[in-house]
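Me: I'd like to learn how to read strands, cavities and single residues in a model. Can we go through them one by one?

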Amino acid sequence: MVTDQLRALVRRYPLVRFATQRLRTRLPRRFGGLDASRLPPWSRRLTVDLPRPEGWPEAGPDRLELELPGYLTVPRRLAGFGLAQHERASLARFLAAVEHAEPGAVLDVGSGVGVYAALAAARSRRAVFAFEPTPELASAARTVSGSGDLGFTVVGTAVGNYNGTARLRRSSHNDMCNATVSGATRTDLAHTQVPLVSLSRWNEEAATRPRVVTVDTAGSEPDVIAGALEVLRRHRPWVLVKVRPDRGLEERLMALLEPLEYWWYPVRDEVPPSPRMMISARESPSWERMWLLAPHEPRPEYWGSVLAWRSALAGCLPVPGPGSQN
């Protein structure tokens, strides 16, 4: 019990984790010592190239200069691989939806440091909102929003199917896997109480017209969709949702979505794919696990934009210099 609490303390507070790792570099490997050369820095400076298809208007930044916490997963991946290897097929479909959807807002639910929100803000004039309950990730997203005059709004709350509070469980190995848990009664350091809101209630107060929505919440995606049914019925946004091959997520999503008459497409290399009658997580490769939910059958122009954005993203390679730091 004491050991579990100590581990939770280290996971919850980045400064404690960083200090603990540095202390362990002085121990022999047989006693749990770490190799100092393999540890992440406290702060990571990186340069991220942004996609711009041929003929795209010269608006928005082509590059972001960022300084983010070194222990976060996505900044480390962007420094090492750039956007070229960061969910490229999903990002291409997202940017094509931002390009072709009716006028209105973009909602990035479970945004992390805000990659999707940043691209929408850089390549459109839409209002963009990033929802992220983990405090250090929300803080990093605000840093990204302040870079390149992007100016998207970070909402520091979890999203689900009711309004109130929830417990956020921090992953022990990957901050991209932090998740809200329902019915949790534990009050240990592994869980943090965070505000929770449904998209339908939030949208009533914000008075936006959501036209593109992304949902990646490490397992609670059906709860997000359940709390957004009024938004989906009224505004018919394009939706990109992460679907993991466990916990019965596919069945719950299909039960919620069937009455809405959306078109379902797995995110994969095939362009255009054929629509599916069932949602199966394994139809999208493990490095994507995303499904596109289209409010109507996408026109050929949409799929052409997907190919153009995918090609532009392929050129967004890591920038040598501070961004190559591991």
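Reply: Start with proline 266. In this predicted model, proline 266 stands opposite tryptophan 291 in E13.

Me: How do strands pair in general, and in what sense do E12 and E13 pair?
Reply: Strands of a sheet pair through backbone hydrogen bonds, either parallel or antiparallel. Here strand E12 (residues 263-266) and E13 pair in the antiparallel sense, over 4 bridges.

Me: Which bridges join strand E11 to E13, and how many are there?
Reply: Strand E11 (residues 238-242) runs antiparallel to E13, and 4 bridges join them. Take valine 239 as an example: its bridge partner in E13 is leucine 293.

Me: How do I read the two faces of a strand?
Reply: In a regular strand the side chains alternate between the two faces of the sheet.

Me: How many residues of E13 are buried?
Reply: The count is 5 of 5, for strand E13 at residues 290-294.

Me: Now a sheet. In what order do the strands of the open sheet run?
Reply: The open sheet has 4 strands, in the order E6-E9-E7-E8, and its pairing is mixed. E6 and E8 are the edge strands, each pairing on one side only. On average, neighbouring strands of this sheet are turned by 55° against each other, direction ignored.

Me: In what sense do E7 and E9 pair?
Reply: Antiparallel: E7 and strand E9 (residues 191-198) share 6 bridges.

Me: Where does arginine 170 sit, and is arginine 170 buried or exposed?
Reply: Arginine 170 is in the loop between strand E7 (164-169) and strand E8 (179-181). Its relative accessible area is 8%, which is why arginine 170 counts as buried. Next, look for a partner. The side chain of arginine 170 makes a polar contact with the side chain of glutamate 136, at 2.6 Å.

Me: What about empty space inside? How many cavities of 30 Å³ or more does a search find?
Reply: Rolling a probe the size of a water molecule over the atoms shows where empty space is left. A search of the whole structure finds 3 cavities of that size.

Me: How does the lining of the largest cavity divide by residue type?
Reply: It divides into 17 nonpolar, 12 polar and 5 charged residues.

Me: And what lines the second largest cavity?
Reply: That cavity has a volume of about 100 Å³. Its lining has 13 residues, with Leu64, Leu78, Val115, Ala118 and Val144 nearest its centre. Strand E2 (63-69) and H5 each supply at least two of the lining residues. By type, the lining of the second largest cavity holds 12 nonpolar, 1 polar and no charged residues.

Me: Last one. Where is glycine 304?
Reply: Glycine 304 is in helix H11 (residues 300-314). Its relative accessibility is 37%, so glycine 304 counts as partly exposed. Glycine 304 and proline 272 are 32 residues apart along the chain, and their C-alpha atoms are separated by 8.8 Å.

Notes:
Residues are numbered from 1 along each chain as its sequence is written. This is a predicted model: local features need pLDDT of at least 70, side-chain atom pairs count only at pLDDT 80 or more; totals for chains, interfaces and linings use all residues. Side-chain values use heavy atoms; hydrogens and water are left out. Buried means under 20% relative accessible area, exposed over 50%, partly exposed in between (1.4 Å probe, protein chains only). A polar contact is a pair of N or O atoms within 3.5 Å; within protein, one must be able to donate a hydrogen and the other to accept it, and residues adjacent in sequence count only if both atoms are side-chain atoms. On a 1 Å grid over the protein atoms alone, a cavity is a set of points where a 1.4 Å probe fits but cannot get out, and a pocket is an open set with protein on both sides within 12 Å along at least five of seven lines; lining residues have an atom within 4 Å of a point. Grid points are joined across faces, edges and corners, and a volume is the space filled by probe spheres set on the points. Ala, Val, Leu, Ile, Met, Phe, Trp, Tyr, Cys and Pro count as nonpolar, Asp, Glu, Lys and Arg as charged, and the others, Gly among them, as polar. Two strands pair if DSSP finds at least two bridges between them. Axes are lines fitted to C-alpha atoms, for helices over the stretch in contact, and angles run from 0 to 180 degrees between N-to-C directions.
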